[in-house]
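These are my notebook entries on one structure, written down in the order in which I looked things up.

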2 protein chains.
Amino acid sequence: MILLLTPTKYTEFMPISMQAVSDWYNEIVERAGLAEHAPVRGCMIIKPYGWALWEQIQRPLDEAFRATGHQNAYFPLFIPLSFLAREAQHVEGFAQECAIVTHYRIKTDPDTRQVAPDPEAELEEPLVVRPTSETIIWHAFRNWIKSYRDLPLLINQWANVVRWEKRPRLFLRTAEFLWQEGHTAHATAEEALQEALRILDIYERFVQEYLAIPVVKGRKTPSERFAGAVETFTIETLLIDGKALQAGTSHFLGQNFAKAFDVKFLNPKNELEYVWATSWGVSTRLIGALILSHGDEKGIILPPRVAPIQVVIVPIWRTEEERLSVGQKAQEIGDRLQRQGIRVKVDDDPQHRPGWKFNEWELRGVPLRLAIGPKDLQTESVEVAWRHTGEKQTYPLSAAIEQLPHWLETIQKGLFERAQKRIQRQTHYTDVYSEMQTLLEEQGGFIMAHWDGTPETELAIKQETGATIRCIPLEPSEEKGRCIYTGRPSSCRVLFAKAY
Amino acid sequence: MILLLTPTKYTEFMPISMQAVSDWYNEIVERAGLAEHAPVRGCMIIKPYGWALWEQIQRPLDEAFRATGHQNAYFPLFIPLSFLAREAQHVEGFAQECAIVTHYRIKTDPDTRQVAPDPEAELEEPLVVRPTSETIIWHAFRNWIKSYRDLPLLINQWANVVRWEKRPRLFLRTAEFLWQEGHTAHATAEEALQEALRILDIYERFVQEYLAIPVVKGRKTPSERFAGAVETFTIETLLIDGKALQAGTSHFLGQNFAKAFDVKFLNPKNELEYVWATSWGVSTRLIGALILSHGDEKGIILPPRVAPIQVVIVPIWRTEEERLSVGQKAQEIGDRLQRQGIRVKVDDDPQHRPGWKFNEWELRGVPLRLAIGPKDLQTESVEVAWRHTGEKQTYPLSAAIEQLPHWLETIQKGLFERAQKRIQRQTHYTDVYSEMQTLLEEQGGFIMAHWDGTPETELAIKQETGATIRCIPLEPSEEKGRCIYTGRPSSCRVLFAKAY
């Protein structure tokens, strides 16, 4: 294991090289049992612990969507190639990364036993494995929407999508990934825009309050928009290696897809109008963001609200007699915490020693550990260890049980604040291009700088520094200035960074 | 809408033609808002109401898997073609129905703007869209299993799979469908066999107790086994049109996949052995089974335990004043039922009249309807209507609210018993081949008959009657007899039927 950070108390942050973080990440994702590489290039296997984490992410998001009137549905995996081509920008945006089904049968050579696609079973029209579902969904919406009474139509689906990746990374960039994609239809532009922003707020709240990851809400520049969108909103965060990550996006699609798929509605005046649209999504990439926001040299650190195991109890014994008595007590405590709604695991596996277990559950990021040995049994006490600070302390058992929910809340908050301070330290305001270049080269981070608003300048900076405009913050410090590259006038700072 | 059955009280069943049921089914699935055909041949769109039903099916199954020690995980959508070929029977079984990805990029012709797979982006090895995941999972298990301490390994995944279908039907046979697939690894044949049977019991209990569908547990004949299995267990049911449906299967895979993927473990004696395996699954096909077990001329009928809406409340009014007072009362009742954990909908939509709503919710199979009008408000009463019997009665409101959970249980039981009686009537014991032929031709149903145990006889009967052996029941009426076709000795009756 690579030593990444010095043990962190709340306030410390060691700038470290992107390469060191990258190696640490690759190693830790597998060792913590979250995911591993599949034999298909760019695809991953999400292991049970990683899946349990994904379920914890899905639940509150799904509830938030329902609470705001959205309904789940499911649309097909395959999209006829011609559908993708209907919206010109859309096909251009996804053409380079589509998996295409061309045959529907395998043929085995009777002599060599070699298998291959049967040339006699070629599809008349190739099918694209969905990279996103706007086209197939708007084809369906054409039949679902007739009148203003059918609007708004608020649909979400949890699904797998495929985008061929040149440089895959587990969770962060995989050819197949899991996500939710919302697709909504509205009678007015105003309402659709409000929907896109409402979802952005849901994403912001979830990512900050559950994943303890601070984000900046903003709007993408035209060159960074979703293919087919009129406006793309984003939440951006900054990871421990100083690289930015787009954690979720919400798009105002205007009438682009309604026009491409001819979806009109009768308004109350009995006139036909094209429908207004949004789409939005977050994915398993959030797990990558989580790991690269809170990890340390011991492994990952999970915020309590999404940790599949919030508390691990490790009984400690020497003799068989002790094993029974301590084991029983550990189980009792576990049952009691479970009844309180805490996700708890009692690790009484006799194959491993306590020290091994401590390391293992630290690696896996369990927020709190309770250790109980024969002496604790006599004194009715327990040793409590905090994963994110490394603190340990012995408490009376009853006090510990009582305080536990409160501690979990404190940890949740502590992780967020620690990440917030880190990002503050990694955020630089500059008006000098050479300084921006040096910062990006040496430590990455968010660069808040003025920009003249042209795609040419954006491209030039990208080519020279590798940094893109992550977003134009929604709550800008209204501040007049001059473009860091051209010196032309600018009305607010935008967020530059190197990104995943 | 096609008139299908005369209004049924508990005991009636009208034999009707398979074609009439087929037309009714196609119509009702779409009209009830469950699903519709996608523009990709054989694929379906699961609409919000259908998806809500699928979630109700997933929840208790997922809980039952967890309660028996299984963990969820996720494996890739794509399987290298060569993997499928490793287990000879397996590839033979699925070769005819595989969707194959051959390209990873789209090319747009600059002149015609036509899109096509980019010939320069052909995959070195084609990828199969998973028809089932044994091969990719056993490839992973090779790294996960080293010692007997790693066993049993009990994995489940919820996923989409693709099997090209020649005669697609919504839910019953679709090219893409959703399912869960369990894959387990064990140290001994005995333990794996027990696992396969334990899962069969979970399936039986779920399908009978939640979907109210009676099933026969049995074992498949060698010719009907899953491709690559040593033994396939099944639960079979019979639908209202007299056709059988395989509702779930559980396979004992022996060491076939362990050998194909070289998965060995060190036993306690430090010897290397091949691992023993099971796999098992149920799918969105269960929704088709549900519809074709309990429907009638008014639409589908959902058993309360899986109904997304268990109770619908329809307020009735003439004047605006009544609308407000009755509406408020309806909402109060709704809130109160919801607090009791009942899934309830108050349909106060002013766009439709009560009669329209009554029909709509009957079509959609909501088990209980409460109607409340201005007069009921004065007398504190409510009209209760039972979907499955058509009965209606007015009750004091407080009594109705109190009785409601009990009524839902009664309906659940009533639906099961009604289906059970129907299947009993549709099950025929015969020793005369010509009678079996006539029965199969005229009314379908289960035929319990003696069979000599040879694949030749099985095939001859299939070719002559269209019926297959659905299963050899696990709890047979041990009864010596003579094969209905050859007259050779037989030790028990097996279950013949025409099937979906």
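**A hairpin in chain B**

I began with the hairpin of strand 20 and strand 21 of chain B, which has five residues between the strands, and I noted that Gly390(B) takes a positive phi near 80° there. I am working from a predicted model throughout. Strand 20 (residues 381–386) and strand 21 (residues 392–396) of chain B run antiparallel and are joined by five bridges. When I looked up Glu383(B), I found that its bridge partner in strand 21 of chain B is Thr394(B).

**How the two chains are related**

Next I superposed the copies, and a rotation of 180° with 0.0 Å of shift along its axis brings chain A onto chain B, with an RMSD of 0.0 Å. I wrote this down as the relation of a two-fold axis. I then asked which residue of chain A comes closest to the rotation axis. The answer is Val101(A), whose C-alpha lies at 2.0 Å from the axis.

I turned to strand 5 next, and I found that strand 5 (residues 100–103) of chain A and strand 5 (residues 100–103) of chain B run antiparallel, with three bridges joining them. Within this pairing, Ile100(A) stands opposite His103(B) in strand 5 of chain B.

**The interface**

How many residues does each chain give to the contact? I found 60 residues from chain A and 60 residues from chain B.

Tyr74(A), Ile100(A) and Ile106(A) supply 13% of the area that chain A buries against chain B, which is more than any other three residues supply. Ile100(A) had already come up in my notes as the residue opposite His103(B).

I then went through the polar side of the interface, where 28 residue pairs are in polar contact across chain A and chain B. The count of salt bridges between the two chains is two. One of the salt bridges is formed by Arg66(A) with Glu55(B), and their closest N and O atoms are 2.9 Å apart.

Last, I checked which element gives the largest share of the side of chain A that touches chain B, and it is strand 8 (residues 122–129) of chain A, with five residues. By residue class, that side of chain A divides into 43 nonpolar, eight polar and nine charged residues.

Note on methods:
Residues numbered from 1 in each chain as written. Chains lettered and ligands numbered in written order. Predicted model: local features only at pLDDT ≥ 70, side-chain atom pairs only at ≥ 80, totals over all residues. Heavy atoms only, no water. Contact = heavy atoms within 4.5 Å. Buried area = accessible area lost by both parts, 1.4 Å probe. Salt bridge = Lys/Arg side-chain N within 4 Å of Asp/Glu carboxyl O. Polar contact = N/O pair within 3.5 Å; in protein donor to acceptor, adjacent residues only side chain to side chain. Helix = DSSP H or I, 4+ residues; strand = E, 2+ residues; numbered from the N terminus. Nonpolar A, V, L, I, M, F, W, Y, C, P; charged D, E, K, R; others polar. Pairing = 2+ DSSP bridges. Least-squares fit on C-alpha atoms with pLDDT ≥ 70 in both.
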